[in-house]
Amino acid sequence: MSGSILIVDDEKGQRDILSAILSKKGYRITSVPSGEEALQELEQAEYDLLLTDLKMQGISGMELMERVLSDNPTQCVVMMTAHGTIDSAVEAMKKGAFDYLEKPLEREDLILTVQRAFERIMLLKENRVLHKKLAETRTLPNMIGDHPKMMEVARIIHKIAPTSTTVLIYGESGTGKELVARAIHDGSPRRDKAFFAINCAAIPDALIESELFGHEKGSFTGAGSREIGIFEAAEGGTVFLDEIGEMNVAMQAKLLRAIQEKEIRRVGGKVNLPVDVRIISATNKDLEQETKRGNFREDLFYRLNVIRITLPPLRERGNDIVTLANFFLKKYSQASGISVKGIGKPALKILLDYNWPGNVRQLESVIERGVLMAESDYIQPEDLPAEVHHDASLAGSLPFDFPAEGISIDNLERDLITKAMQRADWVIAKAAPLLGMSYKTLQYRLEKFGIGRPE
């Protein structure tokens, strides 16, 4: 066993005995006679474990521990107390000590307690490494950008993650629905269990039941062995059903039963198996309309729609486009080893004016391409794909003859904007793409011309 221990005790004999026993076990030992010297020592070096006496001249063991923990809350401390001061030992543990040892010390007790302390120290270290890895790989949309709509999404995630309620996420393709589902899972008591994502649109109707619930050997052609499905594999965790609106009605009935009864039956199976999973689903369809058309079961809709999260499309997120673009720029310049410092102003204007039908996913791929194509330190318009440039071929052709008496650009723009708003039923997000503008630009123009919905 290796690891460093700082021993603090004002009795030299006690320090020597502890040092001898623990050094033999392979620990690196430093010992000091007072709390003051312990604090000096801790300024110079880090120790995995602090083993301190409770009663000492000057700074007591309790005060030493409190001061150390206020600087470094993860420091592991074991308190040594004289026989009969058990109350102080309990108080020390309440204040953050890992354990206490009663004097006179038993050799086996000491070794066992120190071993247990080091097991905890290792677990905490591993935990921190894992959290760091998670933080590096996690690119949650609700963590990037500060548009009020995304702040609201983050607030809801924060509030509902600890519960086990079902959640339905609405949003266009590419808005980050799976990332939101993962954020809910990561913020829940189920975070250490499995998270499975399945795209209902990508699996043929004939296979989806077996994919979700598993199958018994011989239950259909090609079923050569028993397979467990996603619901069984995710026991205690979360199942994310993307594109739930594409699931056929017969399968919807089976899913509803699984949610209500909290049990499933494998394809070709005879027994019902209890399952404990949280269900998060997502759709880019209007499920309420689908229920009216008879394409989606109303009872299942109400089961899934307990909490609804609506993800705004990228075109409605204003300045988040810049924040996200810079985030992806950093990510891909690091990943590819190409040092790109930023996005040039003209290129940024193109990104802000574009409508982003593919949302965040599309922006990510555009920036990835930009990084790979960039000739200079900054991404320029020519590094962006043709799709985000306005169609220049139409620029030379007017859809009407130019009037002889000339034209007022301002009046023309005002009329075009008014017509687009009427066509879009006065919804800015729908009118902006008709005019090839960003949401923000149109909002600015509406204010500039004082255009408002007629009362």
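The cysteine C200 is buried, with a relative accessible area of 4%, where buried denotes under 20% relative accessible area, exposed over 50%, and partly exposed the range in between (1.4 Å probe, protein chains only). C76 likewise counts as buried, at 1% relative accessibility. With a disulfide taken as a pair of cysteine sulfur atoms within 2.5 Å, the count comes to zero disulfides. The model is predicted, so that local features need pLDDT of at least 70 and side-chain atom pairs count only at pLDDT 80 or more, whereas totals for chains, interfaces and linings use all residues. Residues are numbered from 1 along each chain as its sequence is written, and side-chain values use heavy atoms, with hydrogens and water left out.

Helices (H or I, at least four residues) and strands (E, at least two) are DSSP runs numbered from the N terminus. Strand 1, spanning residues 4-8, is mostly covered, five of its five residues being buried; S4, L6 and V8 point one way from this strand, while I5 and I7 point the other way. Two strands are taken to pair if DSSP finds at least two bridges between them. On this basis, strand 1 pairs in the parallel sense with strand 2 (residues 28-32) over five bridges, and V8 stands opposite V32 of strand 2. Between these two strands the chain passes through helix 1 (residues 12-24), and the resulting β-α-β crossover is right-handed, a term that applies if, with the strands pointing away from the viewer, the path from the first strand over the helix to the second runs clockwise. Strand 1 also pairs in the parallel sense with strand 3 (residues 49-53), here over four bridges, with I7 opposite L51.

An open sheet is formed by five strands in the order 7-10-13-6-14, with parallel pairing. Its edge strands, each pairing on one side only, are strand 7 (195-199) and strand 14 (307-310). Neighbouring strands of this sheet are turned by 20° against each other on average, direction ignored, the axes being lines fitted to C-alpha atoms, for helices over the stretch in contact, and the angles running from 0 to 180 degrees between N-to-C directions. Within the sheet, strand 10 (residues 238-242) and strand 13 (residues 278-283) run parallel and are joined by four bridges; T238 has R278 of strand 13 as its bridge partner.

In helix 8 (residues 205-213), the buried residues are I208, E209, S210, L212 and F213. Their cover includes strand 7, strand 10 and helix 10 (249-261), contact meaning heavy atoms within 4.5 Å. Helix 8 is followed by G214, whose phi is positive, near 85°.

The structure holds 28 salt bridges, each defined by a side-chain nitrogen of Lys or Arg within 4 Å of a carboxyl oxygen of Asp or Glu. E63 and R67 meet in one of them, at 3.4 Å from N to O; these residues lie four apart in helix 3 (residues 61-71) and are therefore separated by about one helical turn. E63 is partly exposed at 36% relative accessibility, as is R67 at 40%. In helix 7 (residues 177-186), R182 and E178 are also four residues apart, and their salt bridge has its closest N and O atoms 3.7 Å apart. A further salt bridge joins E364 to K331, with the closest N and O atoms 2.9 Å apart. This pair links distant parts of the chain, E364 lying in helix 15 (residues 359-373) and K331 in helix 13 (residues 320-336), 33 residues apart. Finally, salt bridges that share partners join E246, K285, E290 and R293 into one network.
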